[in-house]
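Subject: Structure for you to look at

Dear colleague,

I am handing over the structure we spoke about, and below it I set out what was found. Please read the notes with the structure open beside you.

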Amino acid sequence: MERVCFKLQVKLEHLAEYTRRHAQVWPEMLRALKDTGWHNYSLFLGEDGLLIGYLETEDLAAARAGMEATEVNARWQAEMAPLFEDLDVPPDQGFLRLAEIFHLEDQLAAPPAVQARTDDPHTGDFS
């Protein structure tokens with residue numbers, strides 16, 4: 001399962017509207033997300049408009065393509081696009097994916113690694 005985190009920027013003047021629209025997402029949009037492989041999908045919105053999304057999927061490209069093929073997604077993206085900063089593509093195509101650098105369960109499941117001490121964790125100079 002692929003874990004995906006992304007960010008977008010909601011315009012400050014649209015924070016309340018963005019939140020309102022996500023309080024009751026259209027049932028057909030919810031079904032389309034589920035049917036196309038968007039699992040454990042959450043959105044987090046900061047007071048500064050920073051939007052962080054998280055989802056799990058078997059294949060992000062396939063999940064995005066599946067949504068792109070739905071009529072409901074085209075309507076949803078068209079309605080949501082004006083609420084975002086600096087987007088010249090639909091929001092579901094314009095998000096910036098963030099790199100996953102840590103996952104607790106992955107590290108707990110991995111064989112124990114040799115722990116090395118560093119004097120400077122930023123440069124990697126070992127002592």
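Glu 2 has Thr 57 in E3 as its bridge partner, in a model that, please bear in mind, is predicted. That pairing belongs to the contact between strand E1 (residues 2-9) and strand E3 (residues 50-57), which run antiparallel and are joined by eight bridges. E1 also pairs with strand E4 (residues 96-98), again in the antiparallel sense, over three bridges, and here the partner of Cys 5 is Leu 98 in E4.

Taken as a whole, the sheet is open and consists of four strands in the order E2-E3-E1-E4, with antiparallel pairing. Strand E2 (39-45) and E4 stand at its edges, and because each has a single partner strand, one side of each is left without a neighbour in the sheet. From one strand to the next the twist averages 25°. E2 and E3, which run antiparallel, are joined by five bridges, and within this part of the sheet Leu 45 stands opposite Leu 51 in E3. Helix H1 packs on the sheet, where it touches E2 and E3, and the direction of H1 makes about 155° with that of E2.

I then turned to the aromatic residues, for which a search of the whole structure finds five pairs. One of these is formed by Phe 6 and Phe 95, whose ring centres are 4.1 Å apart and whose planes stand at 25°, so the pair is stacked, given that planes under 30 degrees apart count as such. Since Phe 6 lies in strand E1 and Phe 95 in the loop between helix H5 (91-94) and E4, the pair ties together parts that are 89 residues apart in sequence. Phe 6 is buried, with a relative accessible area of 2%, and Phe 95, at 10% relative accessibility, counts as buried too.

Trp 26 and Trp 76 make an edge-to-face pair, because their ring centres lie 4.9 Å apart and their planes are at 90°. Trp 26 is found in the loop between helix H1 (15-23) and helix H2 (27-35), while Trp 76 is in helix H4 (residues 71-80), so this pair ties together parts that are 50 residues apart in sequence. Trp 76 is buried, its relative accessible area being 7%.

Finally, which residues form one aromatic cluster? The members are Phe 6, Trp 38, Tyr 41 and Phe 95, so that the cluster includes the stacked pair of Phe 6 and Phe 95 described above.

Key: Residues are numbered from 1 along each chain as its sequence is written. This is a predicted model: local features need pLDDT of at least 70, side-chain atom pairs count only at pLDDT 80 or more; totals for chains, interfaces and linings use all residues. Side-chain values use heavy atoms; hydrogens and water are left out. Two strands pair if DSSP finds at least two bridges between them. Helices (H or I, at least four residues) and strands (E, at least two) are DSSP runs, numbered from the N terminus. Rings of Phe, Tyr and Trp (its six-membered ring) pair if their centres lie within 6.5 Å; planes under 30 degrees apart count as stacked, over 60 as edge-to-face and the rest as tilted. Buried means under 20% relative accessible area, exposed over 50%, partly exposed in between (1.4 Å probe, protein chains only). Axes are lines fitted to C-alpha atoms, for helices over the stretch in contact, and angles run from 0 to 180 degrees between N-to-C directions. Contact means heavy atoms within 4.5 Å.
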